[in-house]
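Here is a brisk report on one chain. Please keep the sequence and the coordinates at hand.

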Amino acid sequence: MRNFEDDPTLSDLLNGEQLQRLNRILSGLCRQPIELGEQKADDSVAVDFNLQTVGWLSGGESIGERQAAAELVSFLMLFVAKYRLAANLHHDTTEASYAELQRQNDALRASEARFRELSEQLQEKVDEQVAVIRQTQQELFESARLRSVGQLAAGVAHEINNPIGFISSNLRVARDYLNDLQAIVPETDDNAGLLQDFQDLLTESVDGTSRIASIVADLKTFSSIDQADYSRCNINELLQSAIHLVQTEYSHSLQITERLNELPLLSGHPSRLSQSFFNVLDNAAQALRDDESGDGKGRVLVQSQVQGDFIQIIIQDNGCGIPEANRARIFDAFYTTRAVGSGTGLGLTVARDTVRAHGGDLTIHSRAGAGTRVTLTLPVTGS
């Protein structure tokens, strides 16, 4: 797609290889071969996209078969176009950001060249000014990057939620149908194996949709981190709830020591804070699981206390720790060292941004092979 205003053509939506593959798939679904192209034939059916005809379907056994195939292709085109639009928008935004950064960098270099011509008495001030400019530029770039990622995350979450809903519903109905089939299908070894395979496929599909729904929930949290209604929070109760959830997640095999001191109530968003505590605890549990050199005595310490005008929460483990090469990126959105499908890379990012949205901070001290200590501070003032 070229831009939002252009009317798409078939070649805009699908390249030659994709078109050939789609024709093979459609032919496999229909009783007679079927072909999608840009030329209209006598028996062809129009394929529409956004009220615009982008191609024609010919072949098939009947007009009904061609019309059904055309509706399927139009439905698929919608998602192809959305993907192209998102990709082009991301490309344009990236190019614009890069050009702006180049412009700022050129301006900075020119400014540095002029400063070098000044006397020795001005050199120290010049260096200080350059350092401030560079720091500000980095902060602005990081802020813009996270904001754009958040906007993208919100859009993706919204688009995925609806299809996941009806997919989950259809899978549940399919399970009911399978139970009915088991009662009426003749009991043979082949039928039993087929029904069992069908049951396993449905189970895997349901697990997959649940995983996608979990990822969407993390994306929603990430994209609206400071749009919450606050209420009075008992931090110790939120910590205990998160501990219980993590224990359940890991089949109550974790050794978690609680040292929770009396704390004042805090004005905050309970669900976001709970999610942050859970994310940090889940990372600690994962570190214990990944500690190949461990002696089977992995432990997690959860401590809460008041330090001056702040509530301090400490979550410490004696797991595998964080390698030095990875520490600089631990707060990067979508960065994860876990296996594909085991993490979204948003846990620490969401936790840090949630704590900062409450006026606090999150710090991490870790050493490879020695464990990790995460300290969350939340201000008591105004609570």
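In which sense do strand β9 and β10 pair, and over how many bridges? Strand β9 (residues 361-367) pairs with β10 in the antiparallel sense, over 7 bridges.

## Basis

This is a predicted model: local features need pLDDT of at least 70, side-chain atom pairs count only at pLDDT 80 or more, and totals for chains, interfaces and linings use all residues. Residues are numbered from 1 along each chain as its sequence is written, and side-chain values use heavy atoms, with hydrogens and water left out.

## The chain

The chain holds 9 helices and 10 strands. Helices (H or I, at least four residues) and strands (E, at least two) are DSSP runs, numbered from the N terminus. Of the 383 residues in the chain, 34% are buried. Buried means under 20% relative accessible area, exposed over 50%, and partly exposed in between (1.4 Å probe, protein chains only).

Contact means heavy atoms within 4.5 Å. Among contacts with a separation of 6 or more, 67% link residues 24 or more positions apart.

Strand β10 covers residues 371-379. Of its 9 residues, 7 are buried, so the strand is largely enclosed by the rest of the structure. Two strands pair if DSSP finds at least two bridges between them. Strand β8 (residues 310-317) runs antiparallel to β10, with 8 bridges joining them. Asp317 has Thr372 as its bridge partner in β10.

β9 and β10 form a hairpin with 3 residues between them. In the turn, Gly369 has a positive phi of about 85 degrees.

## Helix α6 and Ile235

Helix α6 spans residues 235-249 and includes Ile235. The expected span of a helix is 1.5 Å times one less than its number of residues. For the 15 residues of α6 that gives 21 Å, and the end C-alpha atoms are 21 Å apart, which agrees. Asn234 caps the N-terminal end: a side-chain oxygen lies 3.1 Å from the backbone nitrogen of Asn236.

The buried residues of α6 include Ile235, Leu238, Leu239, Ala242 and Val246. An α-helix has 3.6 residues a turn, so residues three or four places apart point the same way. Ile235 counts as buried because its relative accessibility is 1%. Leaving aside neighbours within four places in sequence, its contacts include Leu263, Leu266, Ile311 and Leu378. Ile235 and Leu378 are 143 residues apart in sequence, yet 9.9 Å apart in space, C-alpha to C-alpha.

## Nonpolar cores

A nonpolar core is a set of buried Ala, Val, Leu, Ile, Met, Phe, Trp, Tyr and Cys residues joined through side-chain atoms within 4.5 Å. The largest has 36 residues, and Ile235, Phe277 and Ile313 have the most contacts inside it. α6, α7 (270-290), β7 (300-307), β8, α9 (347-357), β9 and β10 each supply at least two of its residues. α7 gives the most, with 8. Not counting residues up to four places away in sequence, Phe277 touches residues including Leu238, Ala242, Ile315 and Leu376.

Apart from this core lies another, of 19 residues, among them Leu14, Leu19, Leu22 and Cys30.

Definitions and conventions: Polar contact = N/O pair within 3.5 Å; in protein donor to acceptor, adjacent residues only side chain to side chain.
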